[in-house]
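Subject: Structure handover and notes

Hello,

The sequence and structure are below. My notes on what was found follow them; please read them with the coordinates open.

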Amino acid sequence: MADSFDEMNGWAGSGPRAAYGDVRRWLDETPPEILQTRRAQAELLFRRTGITFSVYGDADGAERLIPFDLVPRVLTGTEWARLERGLIQRVEALNALSADLYNGQEILRAGVIPPELVSLNPQYQLAVAGHVPPKGVFVHIAGIDLVRTGPDDFYVLEDNARTPSGVSYMLENREMMLRLFPDLLQRSQVAPVETYPDLLLETLRSVAPERHDGDAGIVVLTPGPHNSAFYEHSFLADKMGVELVEGADLFVRDDRVFMRTTEGPRRVDVIYRRIDDAYLDPLFFRPDSTLGVPGLLTAYLAGNVAIANAIGTGVADDKAMYSYMPEVIRFYSGQEAILPNVPTWRCREAEHLAYVLDHLPELVVKEVDGSGGYGMLVGPHSTKAQIEIFAQKLRAGPERFIAQPTLALSTCPTLCDSGIEPRHVDLRPFVLTGARGVKVVPGGLTRVALTPGSLVVNSSQGGGTKDTWVTG
Amino acid sequence: MLSRTAADLFWTGRYLERADFICRLVDATARLASLPSTYGGDPTAWAGALAAVGVADAFAASGAEMSEANVAPFLTIDPANPSSIRNCLERARGNARAVRTALTLEAWENLNGAWHEVERFSGPNLSRARAGELVETVRRAVLAFDGSAHRTMLRDDAYWFLQLGAAMERADNTARLLDVKYHLLLPRDEPVGGSLDYFQWATILRTVSALTAYRWVYRDTVKPWLVADLLIFNTQMPRSLASCYDELVELLDHLGRGSGRRGPATRTASAVQHGLRNTNIEAVFASGLHEFIGRFIADNNKLGSAVAEQFLF
């Protein structure tokens with residue numbers, strides 16, 4: 001803890017950072033009991049709005065709140081400008097990589113990445129090989145997880161190119177701050193994030209297949225109210241003014257997709273799906289899926305519908321593929337990556353595996369296709385027995401894992417029961433790619449590990465969120 | 001509009017209306033049951049309330065003794081009673097949550113907020129005071145939901161389907177109340193004003209919040225045949241069968257306008273409306289009030305099926 005960079009106070013002894021001037025003054029001036037009252041108020045408001053998520057495996061399936069922390073995370077305009085360039089560069093590369101892996105595979109022929117990362121990857125969807133989705137866009141919505149270890153040291157921790165979630169919290173957290181502390185936001189000149197739904201709608205509309213009769217039909221496809229992110233699905237559909245549909249609301253006829261309405265079938269051109277590839281079409285993927293739409297893949301391959309994100313992007317955000325991203329960026333753009341990767345050991349390689357097995361107590365080990373903070377080992381926070389069990393898993397299937405050093409993630413002041421304390425944070429900005437290029441809303445979702453010293457920020461594991469400010 | 005969305009909105013409307021009806025029923029029944037029997041107090045009042053909600057069998061199956069202490073919690077918070085106020089609100093909220101985007105934020109927040117308040121009432125031994133609070137909470141919540149829907153929702157299919165469910169349920173509730181109490185409403189020669197049945201009639205009127213309305217409409221003491229007339233034929237009275245069907249026909253017209261189609265639901269509703277307009281209370285008494293109510297309930301159920309058929313639920 002002691003050797004972590006603090007977003008407000010800098011390194012130990014270096015003195016407070018200018019970016020947090022307003023926030024620090026506000027924290028100094030506001031009596032602690034007022035902050036606690038506001039915190040309770042925020043929780044009440046979130047619950048009333050129904051901004052909840054459900055946790056898989058929870059016996060009662062109850063809806064829970066993601067804890068919201070009042071103290072914002074602040075980035076200066078200059079810091080953000082660099083992040084934005086890096087994010088755009090990275091997402092352009094993710095799109096180029098997906099397009100290439102399904103059409104031509106030049107990157108494999110050039111020997112930049114090993115072919116088995118593709119051929120043996122369960123996320124590589126053979127069914128769509130050779131298909132170019134409408135307007136050539138694969139990764140329409142990306143969530144890039146960033147971590148910070150020093151004033152100028154930002155790293156990409158993970159690429160999320162399938163169905164990244166959390167953007168509703170970015171928007172709702174800002175609404176909450178505006179409601180609770182309007183003066184503070186005004187004083188600090190915070191860049192707005194509320195344009196996200198418009199940008200998303202514009203992105204989706206821009207990739208609609210050409211059709212000459214009527215407006216593009218756009219829908220958000222959800223697995224339903226029991227899904228942990230259902231609130232977000234309905235929130236986005238609502239903000240965009242498009243239908244929120246479940247699989248059973250759609251059907252395919254003559255390779256075209258329709259939704260069942262009270263006035264008969266209506267054509268669907270773009271599906272923003274929040275369902276994994278495997279469940280999209282029971283005729284091609286998992287036959288037991290009741291969430292999908294039979295025949296959807298055929299309509300997609302016929303070019304009659306755009307699916308965002310495209311089918312098969314999981315191959316690009318695989319954590320083993322991640323370790324090659326600097327090379328991937330260089331291959332497609334000729335540039336060096338603006339945002340570096342965290343050093344990564346690929347357990348599929350014998351030397352790397354040997355190193356990882358020797359250093360497990362100090363490493364973080366993750367499954368290549370895992371998410372949500374599940375199935376990972378945080379070495380420094382694990383017991384000997386846990387490490388031994390994990391070592392066995394590693395030896396049994398090394399290709400399923402990567403390992404990274406335990407980073408000293410930056411901390412941010414956070415309102416805890418006992419007052420303001422530093423807690424580790426990360427940042428997930430949301431990057432949109434449409435037919436007319438890449439856009440990023442200034443900000444993102446800051447996730448905070450509420451347990452002292454913990455590095456796991458996932459909401460499913462007790463993490464909270466903060467409003468993220470880009471100022472000046 | 002998605003057929004599933006339409007169906008969920010329809011049921012949100014229905015369940016909220018049912019919750020509201022049971023609230024008023026519980027209130028009015030408690031009042032009637034608490035009167036000394038010499039003043040018309042009715043020990044069987046709670047059995048009547050169970051019958052009016054259509055859960056008499058479910059209560060009997062629970063094996064509990066027929067008493068306010070058992071029936072009131074059964075009607076209000078018992079999770080085992082599919083039509084308890086709590087379950088109605090939970091279902092309304094569940095349906096609304098699935099189609100959250102079809103409601104305005106204000107309408108949704110009122111419903112969701114009410115649900116979280118009701119969640120705090122639990123346990124089989126709900127005290128009389130707590131039961132009263134629950135009933136009051138839900139009544140206010142339904143009013144707040146209706147008000148926010150009325151003030152904030154677009155007048156489009158979402159709004160019409162919500163109202164359609166509410167109007168159908170309202171018609172059903174009034175009809176079932178009449179079905180249980182019809183024997184009290186038959187005309188007879190009795191000294192006016194002295195009847196112990198006054199309290200029964202007043203209870204019926206309270207259950208449809210029409211005790212004051214009755215006096216404004218008839219400017220007369222409470223007479224049973226006029227109570228029946230008010231609940232069946234009076235188009236000023238929003239819970240009368242005639243009002244509900246005027247509203248249903250209008251709503252189905254709105255819904256049909258979008259597609260330019262008239263379907264089985266439109267035809268069924270118009271037929272029932274026509275039937276109500278072409279008879280009167282005297283004719284109904286002459287041919288049998290009970291039979292009339294039974295036919296109406298069957299017709300209203302038929303309309304439910306026709307709505308599902310027409311809008312592809």
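Ala42(A) sits in helix α2 of chain A; here helices (H or I, at least four residues) and strands (E, at least two) are DSSP runs, numbered from the N terminus. The model is predicted, so local features need pLDDT of at least 70 and side-chain atom pairs count only at pLDDT 80 or more, while totals for chains, interfaces and linings use all residues. Residues are numbered from 1 along each chain as its sequence is written, and chains are lettered from A and ligands numbered from 1 in the order in which they are written.

Ala42(A) is buried because 20 other C-beta atoms lie within 10 Å. The cut-offs are 20 or more other C-beta atoms within 10 Å for buried, 12 or fewer for exposed, and partly exposed in between, with C-beta atoms placed from the backbone. Leaving out residues up to four places away in sequence, Ala42(A) touches Phe68(A), Leu70(A), Met176(A) and Leu180(A); contact means C-beta atoms, placed from the backbone, within 7 Å. Asp69(A) is 27 residues from Ala42(A) in sequence, and their C-alpha atoms are 9.1 Å apart.

**Between the chains**

Chain A gives 18 residues to the contact and chain B gives 19. On the side of chain A that touches chain B, at least two residues each come from α2 (32–49), α9 (230–240), β7 (243–245) and β9 (256–261). By class, that side of chain A has five nonpolar, five polar and eight charged residues. Ala, Val, Leu, Ile, Met, Phe, Trp, Tyr, Cys and Pro count as nonpolar, Asp, Glu, Lys and Arg as charged, and the others, Gly among them, as polar.

Helix α2(A) packs on helix α6 (residues 105–119) of chain B at an angle of about 110°, with the axes 7 Å apart. The angle makes α2(A) roughly perpendicular to α6(B). Axes are lines fitted to C-alpha atoms, for helices over the stretch in contact, and angles run from 0 to 180 degrees between N-to-C directions. Angles under 35 degrees count as roughly parallel, over 145 as roughly antiparallel, 65 to 115 as roughly perpendicular and the rest as oblique. Arg47(A), Arg48(A) and Thr49(A) of α2(A) meet Glu109(B), Asn112(B), Gly113(B) and His116(B) of α6(B). This contact of α2(A) with α6(B) has no nonpolar residues, four polar and three charged.

**Strands of chain A**

Strands β8(A) and β9(A) pair in the antiparallel sense over four bridges; pairing requires at least two DSSP bridges between two strands. The two form a hairpin with two residues between them, and Asp254(A) in the turn has a positive phi of about 50°. Phe251(A) stands opposite Phe258(A) in β9(A).

Strands β14 (residues 363–367) and β16 (residues 401–405) of chain A form an antiparallel pair over five bridges. Val365(A) has Ala403(A) in β16(A) as its bridge partner.

**A helix pair in chain B**

Helices α1 (residues 3–33) and α9 (residues 198–207) of chain B have axes that come within 8 Å and cross at roughly 160°. That makes α1(B) roughly antiparallel to α9(B). The contact involves Arg24(B), Leu25(B), Ala28(B), Thr29(B), Arg31(B) and Leu32(B) of α1(B), and Phe199(B), Thr203(B), Arg206(B) and Thr207(B) of α9(B). Four nonpolar, three polar and three charged residues make up this contact of α1(B) with α9(B).

**Backbone points to check**

- The peptide bond from Ala308(A) to Asn309(A) is cis, with omega near -10°. Asn309(A) lies in the loop between β12 (306–308) and α11 (319–322) of chain A.
- Ser209(B), in the loop between α9 and α10 (211–218) of chain B, has a positive phi near 35°. Ser209(B) is partly exposed, with 16 other C-beta atoms within 10 Å.
- Leu312(B) has a positive phi of about 60° although it is not a glycine. Leu312(B) lies in the segment after α15 (289–310) of chain B and is partly exposed, with 17 other C-beta atoms within 10 Å.

Regards

Key:
Contact = placed C-beta atoms within 7 Å.
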